[in-house]
Amino acid sequence: LLAGCASRQSTVVAAGPAARLAALTVTPEDTGAHYSRDDWGDWARHGQCDTRELVLAAQGTGVVADAQCRPACPAAVSPCWESPYDGVRTGDPAVLQIDHLVPLKEATQSGARDWPAARRRMFYNDPANLVAVTAHANTSKGDRDPAQWRPPARDSWCAYATGWIAVKSTYGLAADPPERDALTQMLATCPP
């Protein structure tokens, strides 16, 4: 299961994921020729902590942080994290990357082309769109949508699709037809 996904779902809206998917605008994807990673900013600061550190703390179990907010996994608790995409468990936060569930390029191609800088930074740092995963899983996914990539851990498909739909819905982003079809297939793995 995507760490933290269930708690995020309850705060987004009451509509179920199938209804939210049906409400998304379905249109061919923008070419993305105008996409630049530099337009999205970096991790925001929240007092001593940055967004990455907060995500690691929220999506782990038994995580402690030092005075500089660096997350750690005590030996007695380890492993503190499980990468939901591939099921890898670890006690070392250095092996984890923070994935944008809906990648920045995908957002650009789905309606974010003309967003102002403040909205891009908000999207970049939104915990509902961030997942602590292994570097291998993050690299494997890249900027692909569910029509092109799905988590190898099939038991995470429901949470992955539900989270993807919630982010797209929250930010008014569109889905292309193959993406919509893939999300529909992934939602079919959700418990009744």
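1. In this predicted model, the side chains of Arg45 and Asp50 meet in a salt bridge, with 4.0 Å from N to O. A salt bridge here requires the nitrogen to lie within 4 Å of the carboxyl oxygen. Asp50 has a relative accessibility of 14%. Buried means under 20%, so Asp50 counts as buried.

2. A second salt bridge joins the side chains of Asp66 and Arg70, at 2.8 Å from N to O. How exposed are its two partners, Asp66 and Arg70? Asp66 has a relative accessible area of 33% and is therefore partly exposed. Arg70 is also partly exposed, at 46%.

3. Glu82 and Arg89 form another salt bridge through their side chains, with an N to O distance of 3.7 Å. Glu82 is partly exposed, with a relative accessible area of 41%. Arg89 has a value of 53%. The cut-off for exposed is over 50%, so Arg89 is classed as exposed.

4. How many salt bridges does the model hold by this rule? The count comes to 8. Some of the residues involved are linked in a network of salt bridges, made up of Glu106, Lys168 and Glu179.

5. Two packed helices are described by the angle between their axes and the distance between the axes. Helix H7 covers residues 157-170 and helix H8 covers residues 177-187. Their axes come within 8 Å and cross at roughly 135°. The crossing of H7 and H8 is left-handed.

6. The last point concerns Asn138, which sits in helix H6, residues 135-141. Is Asn138 buried or exposed? Its relative accessible area is 17%, so Asn138 is buried. Which residues does Asn138 contact, leaving aside its neighbours within four places in sequence? With those neighbours left aside, Asn138 is in contact with Gln97, Ile98, Asp99 and Val133.

How values were computed: Residues numbered from 1 in each chain as written. Predicted model: local features only at pLDDT ≥ 70, side-chain atom pairs only at ≥ 80, totals over all residues. Heavy atoms only, no water. Axes fitted to C-alpha atoms, helices over the stretch in contact; angles between N-to-C directions. Helix = DSSP H or I, 4+ residues; strand = E, 2+ residues; numbered from the N terminus. Left-handed = near helix turned anticlockwise from the far one by under 90°. Buried < 20%, exposed > 50% of the residue type's maximum accessible area, 1.4 Å probe, protein only. Contact = heavy atoms within 4.5 Å.
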